Amino acid sequence: MRRKNALRDMLMAFKTQKIDILIGTQMIAKGLHFPNVTLVGILNADIGLHTPDFRAGERTFQLVTQVAGRAGRGDLEGEVVVQTATPHSPSIQFARKHDFDGFSEQEMEFRQHFGYPPFAHCAVLMARSTHERRAEFTLQTLQLRLKEDLPQGVILGEVLPSPLVKAHGQFRFQLILRSGRARTLSAHVQSVLNRTTLPDDVTVVFDMDALSFS
């Protein structure tokens, strides 16, 4: 899609059967109703499972069920072909059966056992800079200071490269923290940040209840 209204025109051509095959990204997975579609194929359906994010399974389940839902919306039966290197993944298997309750029950049990939302709060502290080592060292310094007088119940992770390690010319490192008490966690991090002088070329961002770890 390289010009204005190109997506709209393409979808209209597909709807009126001027074209028979539509290939796209996740953009074509949601909100489209084409009664004549009888076959949907999903390539590398589990690629999102390998990202370091506790929501990876949930997002994969959502994507597969959303894309699969584009087939068989009319009088004709639909067929869905899923390409995956991990066919036994719960996300793939529950999506295969359209078992929302089964997936939700297992996912909630997993999150409760390991202390992830909605049973705890999860925050991300990120450092980014055009100098890779400086960004990493800054976050390592903050980690050491966060360990001092760490409030009870706060779990402090390790300094790691972000899943998207470089963006807009800047290297990115992150530190994940978890706690049952958001106010306690936030206050401790803010206290450390307030008394730490950061290098001029390093930006530190604190995201409480982060929706993404990328």
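A word on conventions. Because the model is predicted, local features need pLDDT of at least 70 and side-chain atom pairs count only at pLDDT 80 or more, while totals for chains, interfaces and linings use all residues. Residues are numbered from 1 along each chain as its sequence is written, and side-chain values use heavy atoms, with hydrogens and water left out. Helices (H or I, at least four residues) and strands (E, at least two) are DSSP runs, numbered from the N terminus.

I begin with two helices. Helix α2, residues 56-68, packs against helix α4, residues 100-114, at an angle of about 170°, and their axes are 11 Å apart. Here the axes are lines fitted to C-alpha atoms, for helices over the stretch in contact, and angles run from 0 to 180 degrees between N-to-C directions. How are α2 and α4 oriented to each other? They are roughly antiparallel; the scheme takes angles under 35 degrees as roughly parallel, over 145 as roughly antiparallel, 65 to 115 as roughly perpendicular and the rest as oblique.

On the α2 side, the contact is made by G57, E58, F61 and T65, and on the α4 side by F100, F103, E107 and R111. Contact means heavy atoms within 4.5 Å. By class, three of these residues are nonpolar, two are polar and three are charged. For those classes, Ala, Val, Leu, Ile, Met, Phe, Trp, Tyr, Cys and Pro count as nonpolar, Asp, Glu, Lys and Arg as charged, and the others, Gly among them, as polar.

Let me turn to the aromatic rings. A search of the whole structure finds eight aromatic pairs. Rings of Phe, Tyr and Trp (its six-membered ring) pair if their centres lie within 6.5 Å; planes under 30 degrees apart count as stacked, over 60 as edge-to-face and the rest as tilted. One of these pairs is F54 with Y116, which is stacked, with 4.9 Å from centre to centre and 25° between the planes. This pair links distant parts of the chain: F54 is in the loop between β1 (39-42) and α2, Y116 is in the loop between α4 and β3 (121-129), and they are 62 residues apart. Both F54 and Y116 are buried, where buried means under 20% relative accessible area, exposed over 50%, and partly exposed in between (1.4 Å probe, protein chains only).

The rings of F61 and F100 have their centres 5.3 Å apart and their planes at 85°, so this pair is edge-to-face. Since F61 lies in helix α2 and F100 in helix α4, the pair ties together parts that are 39 residues apart in sequence. F61 counts as buried at 5% relative accessibility, whereas F100, with a relative accessible area of 45%, is partly exposed.

Which residues form one aromatic cluster? They are F54, F110, F114, Y116 and F213. Of this group, F110 has its place in helix α4 and is partly exposed, with a relative accessible area of 33%.

Next come the strands. Strand β5, residues 160-167, and strand β6, residues 170-179, pair in the antiparallel sense over four bridges. Two strands pair if DSSP finds at least two bridges between them. Within this arrangement, P161 stands opposite F173 in β6. The two strands form a hairpin with two residues between them.

Most residues other than glycine have a negative phi, and most peptide bonds are trans. H168, in the loop between β5 and β6, has a positive phi near 55° and counts as exposed at 83% relative accessibility. D149 also has a positive phi near 55°; D149 is found in the loop between α5 (132-147) and β4 (155-156), and at 71% relative accessibility counts as exposed. A cis peptide bond joins P117 and P118, with omega about 10°, and P118 lies in the loop between α4 and β3.

P35, in the loop between α1 (6-15) and β1, and A71 are 36 residues apart along the chain, and their C-alpha atoms are separated by 7.8 Å. F110 and S129 are 19 residues apart in sequence and 35 Å apart in space, C-alpha to C-alpha. Finally, S191, found in helix α6, residues 182-194, is 178 residues from A13 in sequence and 57 Å from A13 in space, C-alpha to C-alpha.
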